[in-house]
Amino acid sequence: CMIPIFVPYLNKKAKKYLTKCIDTNWISSQGTYIHKFEKALTKYHKVKYCIATSGCTSALHLAIKSLNIGKGDEVICPDLTFIAPANMIVLSGAKLKLVDINPDTLAIDHKKIEKKITKRTKAIMVVHQFGHSADMDPIMKIAKKYNLRVIEDNAESIGGKYKGKKLGTIGDVATLSFYANKIITSGEGGAVLTNSKKIAEKCYVLRDHGMSKISDPIKKYIHLDLGYNYRMTNMQAAVGFSQLEIINKVLKKRNTQMLLYKKLLSRINEIKVRSFKNWCSPVHWMTTITILKKNLRNKLIYFLSNKGVDARPMINPVHQAYHFKKYFNDKDYKNSISVSKNSIHLPSSTSLKISEIKFICNKVELFFSRNH
């Protein structure tokens with residue numbers, strides 16, 4: 001029996017709220033849970049506006065377009081991230097400018113941002129990677145110096161903090177993910193967070209086919225902009241709302257898991273367990289380890305798979321994607337290449353048992369005892 005990489009942690013209220021959606025026939029993008037979920041997310045993050053979306057990828061697209069970024073503009077993005085931020089920058093019409101990561105935080109290296117800025121640069125996309133914040137103070141300082149906007153992709157780090165500030169509340173606009181393998185889930189789904197009324201209003205319009213938000217039953221069907229259908233369903237919002245009600249419990253359980261993993265894995269000399277900067281209050285998304293000896297990553301993944309452990313390789317650098325690689329040079333992204341080639345994620349479900357964590361760590365240890 002395989003220990004999966006991640007299983008959603010759902011409570012009984014999810015079923016109760018979903019049943020209510022079905023019983024009342026409010027199953028599409030209208031319904032009370034959309035508003036409840038958005039309101040709860042604004043309260044949790046202490047921001048003014050939240051726009052629930054069909055996914056974090058669509059939220060990223062809305063965030064970029066809400067800043068009027070398009071053809072002729074440039075957006076800076078970390079090279080080691082899931083592909084969605086980079087794809088959305090390009091699909092928005094802007095030029096993608098990739099920056100290498102800091103190997104300790106696995107987030108964008110702020111020391112390498114300025115040399116990528118030109119007169120066409122409009123924004124910096126920050127990804128709070130695997131529960132660890134990017135170093136926001138110097139990034140915000142650079143943004144202010146060059147009059148740039150800051151977009152926070154907080155798909156993996158909801159509940160995390162940077163110097164006491166909740167992630168997703170520091171830049172101009174932020175995005176969240178509620179995919180099934182995220183800290184809280186709505187199945188598929190995402191959200192945009194902002195304190196700007198102008199950004200929020202643009203997101204609301206673009207999310208819903210560019211239609212007017214006027215409540216008038218005739219005038220609301222006037223199209224104001226080239227929009228999209230990026231709406232979340234009431235059923236997704238019902239699940240998301242039930243998850244947000246237990247987020248503190250989830251974060252506590254996940255933190256306990258992270259500490260146990262760190263304790264058990266730290267005895268293995270051949271790996272580096274992810275550490276956290278003292279200015280970061282991390283959240284635990286995935287247990288990430290880096291293998292110190294090169295060319296063992298794939299061998300370890302296959303070994304663990306044969307032992308019933310579903311480990312995953314670290315994401316690939318963005319610049320190596322087939323549709324991007326001709327525009328970038330490997331030598332500019334040494335850190336992201338090295339971390340990607342030599343790192344894996346271990347199973348990190350919220351419901352993971354202590355006995356399962358011990359089993360996984362024992363198998364990792366067994367592998368290295370056989371591969372000196």
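I'm using "buried" for under 20% relative accessible area, "exposed" for over 50%, and "partly exposed" for in between, with a 1.4 Å probe and protein chains only.

**Ground rules**

This is a predicted model, so I note that local features need pLDDT of at least 70 and side-chain atom pairs count only at pLDDT 80 or more, while totals for chains, interfaces and linings use all residues. Residues are numbered from 1 along each chain as its sequence is written, and side-chain values use heavy atoms, with hydrogens and water left out.

**Two asparagines**

I looked up N68 and found it in the loop between α3 and β2. My elements are DSSP runs numbered from the N terminus: helices are H or I with at least four residues, strands are E with at least two. N68 is exposed at 52% relative accessibility. Its phi is positive, about 60 degrees, although it is not a glycine. I keep in mind that most residues other than glycine have a negative phi.

Then I checked N25, in the loop between α1 (12–24) and α2. N25 also has a positive phi, about 70 degrees, and is not a glycine. With a relative accessible area of 64%, N25 is exposed.

**The open sheet**

I traced four strands in an open sheet, ordered β10-β12-β14-β13, with antiparallel pairing. Here two strands pair if DSSP finds at least two bridges between them. β10 (271–273) and β13 (312–313) are the edge strands; each has a single partner, so one side of each lacks a neighbour in the sheet. Next I looked at helix α9 (residues 297–306), which packs on the sheet and touches β12, β13 and β14 (343–346). Touching means contact, that is, heavy atoms within 4.5 Å. The direction of α9 makes about 20 degrees with that of β14. For that angle, axes are lines fitted to C-alpha atoms, for helices over the stretch in contact, and angles run from 0 to 180 degrees between N-to-C directions.

I counted three bridges between β10 and β12 (residues 287–291), in the antiparallel sense. I271 sits in β10, and its bridge partner in β12 is I291. I271 is buried, at 7% relative accessible area. Leaving aside neighbours within four places in sequence, I have I271 in contact with L265, I289, T290, I291, L292 and F368. I also noted K293, which is 22 residues from I271 in sequence and 8.1 Å away in space, C-alpha to C-alpha.

**β2 and β3**

I moved on to strand β2 (residues 74–78), which pairs with β3 in the parallel sense over five bridges. K95 in β3 is the bridge partner of E74. Four of the five residues of β3 (residues 95–99) are buried, so the strand is largely enclosed by the rest of the structure.

**Cavities**

Grid points are joined across faces, edges and corners, and a volume is the space filled by probe spheres set on the points.

I found two cavities of 30 Å³ or more. α8 (247–265) and β12 each supply at least two of the lining residues, and α8 has the largest share, three.

The second largest cavity has about 40 Å³ of space. I list V47, G168, T169, G171, D172, L193, T194 and N195 as its lining.

I put the largest pocket at about 770 Å³. It is lined by 36 residues, and F82, N181, K182, W285 and I315 lie nearest its centre. α3 (56–66), α4 (84–91) and β13 give two or more residues each, with α3 giving the most, three.

The second largest pocket comes to about 440 Å³. Of its 18 lining residues, I noted S29, Q30, R207, D208 and K213 nearest the centre. α2 (32–45) and α6 (197–207) each supply at least two, and α2 gives the most, three.

Conventions. 1 Å grid on protein atoms, 1.4 Å probe; cavity = no way out; pocket = protein on both sides within 12 Å on 5 of 7 lines; lining within 4 Å.
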